[in-house]
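Here's a walk through some side-chain contacts, taken one group at a time. Have the chain open beside you as you read.

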Amino acid sequence: MGDKTSITFDDRTPRNFMIASLFWGIIGMTIGLLASSQLSWWQANGKFLEFITFGKLNTDGLDLITFGRLRPLHTNAVIFAFVGNMMFAGIYYSTQRLCKCRTASKLLSLLHFWGWQGIIVGAVLTLPIGLSQSKEYAELIWPLDVAVVLVWVIFAINFFWTLAKRNEKSLYVAIWFYIATIVTIAMLYIVNNLQIPTSLTHSYPIFGGLQDALVQWWYGHNAVAFFLTTPILGIMYYFLPKAANRPVYSYRLSIIHFWSLVFIYIWAGPHHLLNTALPQWLQMLGMLFSLMLWAPSWGGMLNGLLTLRGAWNLLRTDPVIKFFAAGITFYGMATFEGPLLSIRAVNQLSHYTDWGIGHVHSGALGWNGLMAAGMFYWMAPRLWATKLWSISWANMHFWISLVGILLYVGAMWTAGVMQGLMLGQINESGTGLTYEFVETLQAIQLPYILRGVGGLLYLTGFLMCAVNLWQTARSGKMTDVTIEVNLLKSGEKDNMKIGELIFHRAVVYTGVIIGLVSLWFFTPFTMAATILVAIVMVGIVVMFEFRWNSRSWANFHDNLLENYIPFTILVFVAVAIGGLIQIIPSVVVNRHVNVEGRLQELYTPLELAGRDIYVSEGCYNCHSQMIRTLVPDVMRYGRPGIPDDYSHLGESIYDFPFQWGSKRTGPDLAREGGEPIDEKKLVRVGKRDNLWHFNHFLNPRQTSPGSNMPAYPWFFEKKTDFKSLPKKIKVQRQLGVPYPTMTDHEIEQHAREQAMAIAGTVADSAFLPSRQDLSGPELRNYLSETQFTAVVAYLQKLGAYTEQDPDNQPHPLDPDKNLPAYELSTKN
């Protein structure tokens, strides 16, 4: 040890992040409460404004607050604003104390804090106006994505710089989870948000169709894992022992928990796509690793709860222990339910229903929310050098929140199981379905209302928390803690060479086994037995090696914890393997030139414009475009007379981004249209004619009694952006969509002609309340410029595909092959 010195911690940064977390959390929960009410009362999409303004604002809906716009704002506010700021508060507070040094850079801390709040404000300004990528938990437009990456890099530099300056030789377990979070989120966010801009506010992802679905849920599932789970586990490992004044139950268990969790979690994303067009091997791989997650997840939960051994009496008096104990219990519940839902037979019932919503909220409200409250109540008296203003209020907050969570989750479980069973119910003759979709919505209205009551209780609890912390801050003053530490001498830490890491027997054997298992998975059956024997033999060698040299392996891990760079490299390799094995084969093989069977028809320019409007409105939040390989799905959504009419891989291959969805509040739209385009009339005819869609957008209850869908009157007011289409099609070509060469004028002209043709099919029979002065040709000309015609063109295109003959595939480089009729006519 070196000389002693005094260190004053930067407690201003965790204080700022804690305040921001509470502020944004209340806003995010309030938005969630409004969004949930919209599923019970369609008037909550804006119609209520007519009542509260005494009729002065006469509207059937307000585009800024429809469910499709609010739901992404709610999820981003809760994940990135509430939990994100809470996570940063905990990391900045604990890392300084675990490293026995002040955060490396005050400037970087300030840039991180204000940069993150700026991104949140950007989300608040853009998502309600429809600027969205329509990818769950990754909806932000590309300039905000760039900002997220830059701010995350600032955070990473500050964090690792602090580790380099530390005055503690070994990295404590909480630091391991922080490192995994920083490295993995950077990898996930960058890969999932690779895109080509078409303008300052619009872009297309580089992955499409199945590839985009796989990459998105590789990101989406692991955003939950490495943004909502691993950093909170790190916080648990620091704050729980502090609050209970007890050491962590088992250091060995924490090692097993950490390495198994970070390696296994990354493989589980495909379980979000079970029974879909995703290749079978990926579905089985996702299910297998999801089931394996039971062990490390429950290992972490037990390690946390058993840390309270000898301190259970504190549950009666200490609200911090109450919140931590309940939060860890909810973590165990959520991580038991997750693998359960990944079993194909269970997923058949749960997917696309509210069961998934209940599962997510048991984690978000129970695990993240309760852990946040416990951390806030522990930190606040120390950050303001005073006592908590009211323990009784904190206790009341706990019980109100607990009741709210149980109401919420129980209601969603009930609604999900009920709707799943009703949607899958086949009549006694086996020739049809028992219930219409809207009947299932009406049946679950009581659980929906109870969900809202639970959410209101939970929000009330956090309002009490805000008051409690405000009064606590008022009773004290902001304080930065100062301690004395022994400075480490040069060479006492971070002296492992990279070669020592790469060529250590533990790393080599692990790499060989992972390589052999991966090879076995992709090897033909005739060679699989040989590789399996090799795996078993290597496993036996490893067992004897570990038995003879167990001390050497243990010393390797202890030495690794004294060297943060090799440790970080090993973490990155552990999390990167799963993504590489799952994604690369999909990206290489699943291309349009390799598709056999059904191949999606290209979108006409107007249909592409309509698709972008559909995306901006957030329609994927309620409607899927994926008929699963299940009999009830095919019977309900497939075309009559076509056997096994489920969605095939090639049917969405040109969809940038994919629109398979994850929840059905409305019916699936994969076969909504699909008839070949009439080149003379430039229109398609799907399940329903264009006049039905006209009336449906104006008043969904007119065409679908009992529907909770909002009206979209602005489709008849806002103009289609024809001028942007040439740039969009240019980017689509860059992404591999085989559009032929067309001039900007040809693209725009074709879009306008198709819009005029669609408008002509409704103009003679339609009545537009906002323009009662228009009819016939005048109404047709007016409608042709509006978003209505573009969205209808897109909906009538859904399900259009051509059958590919595997024995007579056209050459992918021949510009006159595989083109839709409208482009062949343009070329000729």
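This is a predicted model: local features need pLDDT of at least 70, side-chain atom pairs count only at pLDDT 80 or more; totals for chains, interfaces and linings use all residues.

**Aromatic pairs**

Let's begin with the rings. The count of aromatic pairs comes to 54. One of them brings together tryptophan 294 and phenylalanine 336, with ring centres 5.4 Å apart and planes at 35°. Why is this pair called tilted? Planes under 30 degrees apart would be stacked and planes over 60 would be edge-to-face, with the rest counted as tilted, so an angle of 35° makes this pair tilted. Tryptophan 294 belongs to helix α11 (residues 294-306) and phenylalanine 336 to helix α12 (residues 319-341), so the contact ties together parts that are 42 residues apart in sequence.

**Salt bridges**

On to the charges: the salt bridges number 27. Three of them are set out here.

| Salt bridge | Closest N to O distance |
|---|---|
| Arginine 688 and glutamate 672 | 2.7 Å |
| Arginine 771 and aspartate 773 | 3.2 Å |

Take arginine 688 and glutamate 672. Both are in the loop between α24 (631-637) and α25 (690-698), so the bridge ties together parts that are 16 residues apart in sequence. Arginine 688 is partly exposed at 30% relative accessibility, while glutamate 672 is buried at 6%.

Why does glutamate 748 count as buried? The cut-off for buried is under 20% relative accessible area, and glutamate 748 comes in at 14%, so it counts as buried. Arginine 752, at 28%, counts as partly exposed.

Then there's arginine 771, which pairs with aspartate 773. Arginine 771 is partly exposed, with a relative accessible area of 27%, whereas aspartate 773 is exposed at 52%.

Some bridges also share partners. Which residues do they join into one network? Arg598, Asp645, Glu651, Arg671 and Glu803.

**A positive patch**

Last stop, the surface. Arg12, Arg102, Lys106 and Lys165 gather there in a patch of positive charge. To place one of its members, look for arginine 102 in the loop between α3 (67-99) and α4 (106-126). Arginine 102 has a relative accessible area of 30%, so it counts as partly exposed.

Notes
Residues are numbered from 1 along each chain as its sequence is written. Side-chain values use heavy atoms; hydrogens and water are left out. Patches are made of residues with over 30% relative accessible area and no salt bridge: like charges are joined within 9 Å, nonpolar side chains (Val, Leu, Ile, Met, Phe, Trp, Tyr) within 5 Å. Accessible areas come from the Shrake-Rupley method with a 1.4 Å probe; for residues, only the protein chains shown count as cover. A salt bridge is a side-chain nitrogen of Lys or Arg within 4 Å of a carboxyl oxygen of Asp or Glu. Lys and Arg count as positive and Asp and Glu as negative; His and the chain ends are not counted. The place of a charge is taken as NZ of Lys, CZ of Arg, CG of Asp or CD of Glu. Helices (H or I, at least four residues) and strands (E, at least two) are DSSP runs, numbered from the N terminus. Buried means under 20% relative accessible area, exposed over 50%, partly exposed in between (1.4 Å probe, protein chains only). Rings of Phe, Tyr and Trp (its six-membered ring) pair if their centres lie within 6.5 Å; planes under 30 degrees apart count as stacked, over 60 as edge-to-face and the rest as tilted.
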